[in-house]
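Biologist: I'm new to this one and would like a quick tour. Could you put it up and take my questions?

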Amino acid sequence: MTAPAQAPARRYDHARASLGNVIRSEWTKIWSVRSTPWTLLILVVATVGISVLASWGTSTHLNTLSAEDRATLDVTYNSLAGLTLGQLAIAVLGVLIVTTEYSTGGVKATFTAVPNRLRVLLAKGIVFAVIATAVGMITTFLAFYAAQPFWAHQHLAAHIGDPGVLRAIIGSGLYVLASGMFGFALGAVIRHTAGAITAAVALLLVVPPLTQLLPGEWGHDIFKVFTSNAGSMIATTVQQSRSLTPWEGYLAMTVWWVVPLILGAYLIRRRDA
Amino acid sequence: MIEARGLTKRFGDKVAVDDLSFVVEPGIVTGFLGPNGAGKSTTMRLILGLDHPTRGQALVNGHPYATAKAPMREVGALLDAKDVHGGRTARAHLKSLAQSNGLPGRRVDEVLDLVGMREVADKRIKGFSLGMSQRIGIAAAMLGDPQILMFDEPVNGLDPEGILWIRGFMQHEAANGRTVFVSSHLMSEMALTAEHLIVIGRGKLLADTSVTEFIAQNSVGGVRVRTPQIEAMRDAFGRAGVKVTDVDKFLQVEGMTTDEVGDLAAANHITIHELFTQHSSLEEAFMEMTRDSVEYHAQVGDVAALDPAAMVGGTK
């Protein structure tokens with residue numbers, strides 16, 4: 001037990017908790033839990049499936065539409081309709097990436113290995129953003145092309161070269177990123193899985209249509225900038241009157257996740273882990 | 001080396017760690033002893049920067065832990081073995097930690113071998129027993145070949161084999177020159193493992209001393225005698241000039257052997273019914289020291305507090 005009090009020869013001189021290394025670590029972490037492939041699969045299947053169903057349904061009931069509705073029919077937008085549900089899958093994954101650290105207690109190991117918490121949050125955010133964007137793009141292209149045969153019956157199929165169509169598809173892929181980051185930011189602020197998922201579902205799916213009930217001009221202003229109301233404009237190819245333009249909408253959606261993420265970054269440093 | 005300087009942590013009105021100052025030296029196992037709720041875990045969390053101190057600071061190798069460039073080379077810590085995402089395999093868990101500090105991938109297999117867990121490396125952690133999780137936690141702590149090891153109650157819930165393994169492991173690593181800081185609420189455990197002791201109660205420092213010194217200072221013994229002629233015996237002791245205390249139905253004296261007490265009784269024609277040497281154990285010494293600072297008294301503890309003899313005399 002009594003040994004000379006001399007430090008052991010130090011190994012691993014090049015070891016550093018650099019951003020690059022923390023990104024590698026977070027990449028390993030995100031792919032080593034089952035919830036990641038499952039939620040991504042749900043994102044793809046739900047988005048493509050519902051987009052196809054919506055296109056099938058709308059295209060076969062065109063005769064029930066009024067002439068006015070038919071004139072403003074947005075085939076591309078309908079072909080991406082499944083994102084209404086798909087956004088929730090990616091938002092849930094965004095929540096889980098942060099909150100499971102806290103619910104499992106794994107955050108102690110994480111912050112002991114890398115005490116620079118902002119670096120951890122940044123690395124997690126980068127890894128998740130890359131995955132959400134890549135899978136988001138695949139999903140929206142798949143949904144678009146899977147839906148077109150149903151419109152082709154009515155000679156209404158949209159083409160990638162048509163005005164706004166490519167922007168709508170790529171923009172919708174970016175919308176997957178934005179809704180995922182929204183969940184991620186809520187997770188960083190709320191830290192509890194159930195609370196953050198509830199907040200994400202409420203703010204992305206439940207509350208947006210309700211804001212339509214708000215009276216007056218200010219009510220309409222809130223409606224058009226509210227999360228998915230604003231963000232979904234990126235999928236439109238027919239400009240809706242009194243709505244934000246596609247990129248205005250996308251910008252508003254971005255503000256919706258950047259602001260809570262800044263708050264989350266502030267809190268992650270201040271709070272006890 | 002770990003150094004606490006006036007370390008204080010409040011949670012609302014409650015002071016969990018109260019102006020704690022100590023130094024943990026390399027080359028020996030330092031035991032961090034205190035009853036449950038004394039603030040041991042909080043102190044360790046403060047050292048690692050997981051909690052922010054209300055006042056004071058903790059230094060690791062002379063600087064705050066959060067400023068370490070390669071944190072895993074400096075400290076390997078195991079706070080709670082179950083604090084890990086159970087959905088990951090042991091290998092993925094260790095790999096992600098190694099990557100975060102840019103440690104080589106082969107290090108994962110090395111530490112798995114070190115704790116004898118290579119075979120179950122590709123199984124999900126949630127199926128592991130506490131003992132297995134404990135070993136994975138130790139493997140994680142060893143990844144960066146750190147100068148400092150810090151374990152919070154590592155023997156809790158382990159079987160005897162696991163306890164022996166951890167004890168041996170800590171002593172071996174200390175002998176290799178590492179700083180080993182280990183907490184426990186059991187004095188008996190520390191007496192076997194540690195060379196130096198830091199004792200706290202209700203967040204306050206109660207002792208910072210070597211185990212040998214602690215034993216010498218705190219284990220008091222005495223001779224106990226039971227007799228139907230208790231007053232005569234007391235007078236006899238009084239005439240002999242020794243200090244007598246009443247412990248339950250016994251008289252206890254210090255500085256006399258059982259032979260001397262027997263002779264004294266015979267010389268005074270006193271009948272003795274029982275005569276023996278009473279050693280207070282280390283555990284009792286520790287309980288005595290921390291009695292006022294125990295956070296939550298159990299019922300047994302409450303009885304003992306009312307009637308110290310019930311416990312000291314009754315358990316031995």
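Modeller: Let's start where two helices meet: the axes of helix H5 (residues 83-104) of chain A and helix H6 (residues 106-113) of chain A come within 5 Å and cross at roughly 105°. Axes here are lines fitted to C-alpha atoms, for helices over the stretch in contact, with angles from 0 to 180 degrees between N-to-C directions. Helices (H or I, at least four residues) and strands (E, at least two) are DSSP runs, numbered from the N terminus.

Biologist: How is H5(A) oriented relative to H6(A)?

Modeller: Angles under 35 degrees count as roughly parallel, over 145 as roughly antiparallel, 65 to 115 as roughly perpendicular and the rest as oblique. The crossing is roughly 105°, so H5(A) is roughly perpendicular to H6(A).

Biologist: Which residues of H6(A) make that contact?

Modeller: Two residues are in contact if their C-beta atoms, placed from the backbone, lie within 7 Å. H5(A) brings Glu101(A), Tyr102(A) and Thr104(A). From H6(A) come Gly106(A), Val107(A) and Thr110(A).

Biologist: Before we go on, what should I know about the model and its numbering?

Modeller: Residues are numbered from 1 along each chain as its sequence is written, while chains are lettered from A and ligands numbered from 1 in the order in which they are written. This is a predicted model: local features need pLDDT of at least 70, side-chain atom pairs count only at pLDDT 80 or more, and totals for chains, interfaces and linings use all residues.

Biologist: How far apart are the end C-alpha atoms of H1(A)?

Modeller: Helix H1 covers residues 19-31 of chain A, 13 residues in total. The expected span is 1.5 Å times one less than the number of residues, so H1 should span 18 Å. The model agrees, with the ends apart by 18 Å.

Biologist: What do the buried residues of H1(A) pack against?

Modeller: A residue is buried if 20 or more other C-beta atoms lie within 10 Å of its own, exposed if 12 or fewer, and partly exposed in between. In H1(A) the buried ones include Val22(A) and Ile23(A). They pack against helix H7 (117-152) of chain A together with helix H3 (90-100) of chain B.

Biologist: How many residues of chain B are in contact with chain A?

Modeller: Chain A puts 38 residues into this contact, with H1, H5 and H6 each supplying at least two. On the chain B side, the count is 47 residues.
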